[in-house]
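Subject: A structure for you to explore

Hi there,

Here is the structure I promised to pass on to you. Have a look at it first, and then read my notes below.

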Amino acid sequence: MDRSKLYRRFRTLLIANRGEIACRVIRSARAMGLRTVAVYSEADRDAMHVAMADEAVLLGPARARDSYLNIERVIEAARQTGAEAVHPGYGFLSENAEFAQACLNAGLVFVGPTAEMMTAMGSKSGSKALMEKAGVPLVPGYHGEAQDEATLTQAANKIGFPVLVKASAGGGGRGMRVVNSAGELAAAIVSAKREAKAAFGDDRMLIEKFVQNPRHIEVQIIGDSHGNLLSLWERECTLQRRHQKVIEEAPSPTLDTKQREAVCAAARKAAAAVNYVGAGTIEFVSDGKEVFFIEMNTRLQVEHPVTELITGVDLVEWQLRVAFGEKLPLAQDEIKLNGHAIEARVYAENPQKNFMPSVGRIRTWRTPEAIDGLRIDAGYRSGDAVSPYYDAMLAKVIAWAPTRQAAIERLHRGLEETDVRGIVTNIPFLSALVTHPQVRANTIDTGFIERELKKLTESSGTAGDLELCAAVAAIIVDEQKAAKETHSPWQTFGWMPVGQRRRVFSFRQGQGAEHKATLHYGNSPSKLTIGKHEFVFATSPAEEGSFDLTIEGMKSRVTAVIEGHELYLRTRNGRFDLHWVDPFGGETEELVGEDKIVAPLPGTVVALLAEEGATLEKGAAILTLEVMKMEQTLRAPFAGVLKKIRCKVGDIVGEGVELAELEPAVAS
């Protein structure tokens, strides 16, 4: 084929994606002088990537299959805007060979490998057959075309349990299940197939031996159309939850120099088997002794920034230059490894509620300044809506330092200085994870998070005197700001020429008891009484959303967000959510009866797992919802009889909608 049709210089680039990666590609493309075109769904009309691009085209309704996965509509958007090339980002159509071919047929440059390369390496089963022929070590498993239950069951029994059932297409933990016994296999296959079909449009499965206590090692590679193929060192992505990466770092703290060279050489060998062009990642699993090939991702990875920080290479720029038909700028021996980088993925999810996705509007978005080795790759801003239709990742916080320990400290500080309100995020969980002694010591495996989950998801401690002082100060500062008294010549609250006044504040943390604080103010320094203790304190302005609180001569920086009677505080002791009890009373809280099974978030009913009239044990599965491309199974909160099912498979339901009714079992 004439390579000029595949790789040529272009001026206008369409980014066939959304969120953080769309914003990331736009930044590099614009720095190279390219005109950028965004695409969006009806749910993303006001999204950050739409605002950043030079032009934007509406693809269709919110659901991905009607918008971001609609190949014809994406191609038409390119035609409408005069785009000459398409960057697929990651996820959605990024590893879809049909899309890559459609771009070529439409005369568009696809910023990535050819459809043939994608087919050869993008299929987990196909790539394993290719790697086996090339002599790359593989995990024992079944990678065949036959997909009937009998064949898959026979393969699993031959391999021996535990096994890993996973989708041949796609990644990110979707369509993947660990099966510990033969009795669990059939249900796991059905569920994995359904999830894979919804996420990737392909429900083919493969089965592998589940490696015990594994580590996840991957190598970044990139090739050009002139036959040059480079590896840019390796990353370690061992910290995972449900096969979804949480923390990534480069280089791997597990490998020594000899092992590093060996795994990078194996990665180049794997990519060379298909004469690979573009950016990609060769993924390996290690049992501590051997390293096995597991798959290749024929696209840019979420975690590519850590590689960029240790090499000084802009991978998106290199992708675009390869698509121009240029040679790679450096040779293999010119790719230097400098320092250590580590990344944390910030998600809209609630770790204390089994990582249930969180949707809503972001009311507060504050991140630290990207200096001193800290980088923030975000796809959201204050005011943006987080919908239930797409992946829940909001941003990535990435840190670089000369050493791993220094990089961890810098990442921790970056997380601690990131405040997102209006939705629930996993930031406290990430902070607890990166500071865990075993993570610092690198004594981990891919099951580490699940084993330590209880400790990692513990709620913040009880608010102490500092937090109660901060809560009172935040309210007063907010009231002064509202009353336009911020230019007052005094630094105490409610200053009066003579006399003293008092004001009582009550706060509640969670479902705990109320905490009272009494403010005394007037013609002398303000004092706050909490229990038997009395504190003299004052405030002074700081950066937006923060103030300095001085108590008994000791100054502390406090970050505060007030939303009605809800207070969010960040002090040196951590993050705290307090409720300011209405001093006039009358507060009520609507409770949903325990016999009602309701949708925790908007989603689609994908399976009914129990029948009306069935007697259920506590914890029995009732139905499955698909929320943000992941399945959530709703279970019986107590033993009883399933009185009524109020939904059917395929229903799109809103948050709080009653789905089923459970009648408590009658005690005998």
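**What I found**

V246 sits in strand β12 (residues 244–250); strands (E, at least two residues) and helices (H or I, at least four) are DSSP runs, numbered from the N terminus. Please keep in mind that this is a predicted model, in which local features need pLDDT of at least 70 and side-chain atom pairs count only at pLDDT 80 or more, while totals for chains, interfaces and linings use all residues. Residues are numbered from 1 along each chain as its sequence is written, and side-chain values use heavy atoms, with hydrogens and water left out.

Is V246 buried or exposed? With 8% relative accessibility, V246 counts as buried (buried means under 20% relative accessible area, exposed over 50%, partly exposed in between, with a 1.4 Å probe and protein chains only). Leaving aside residues up to four places away in sequence, V246 touches several others, among them L239, E343, F429 and I449 (contact means heavy atoms within 4.5 Å).

Next, look at helix α10 (residues 257–272), which has 16 residues. From first C-alpha to last, α10 reaches 23 Å, close to the 22 Å expected at 1.5 Å a residue (the expected span is 1.5 Å times one less than the number of residues). Its buried residues are R260, V263, C264, A267, A270 and A271. Seen down the axis of α10, these fall within an arc of 120°, so they line one face of the helix (the arc is that of the directions from the helix axis to the C-beta atoms). K258 and E261, on the other side of α10, are exposed.

Now for the charged pairs. How many salt bridges does the structure hold? There are 46 salt bridges, each one a side-chain nitrogen of Lys or Arg within 4 Å of a carboxyl oxygen of Asp or Glu. One of them joins K166 and E208, whose closest N and O atoms are 3.6 Å apart. This pair links distant parts of the chain, with K166 in strand β7 (residues 163–167) and E208 in strand β9 (residues 205–209), 42 residues apart. K166 is buried at 4% relative accessibility, and E208 is buried at 2%.

Another salt bridge brings together the side chains of K555 and D548, at 4.0 Å from N to O. Here K555 is exposed, with a relative accessible area of 56%, whereas D548 is buried at 7%.

Enjoy exploring!

Best wishes
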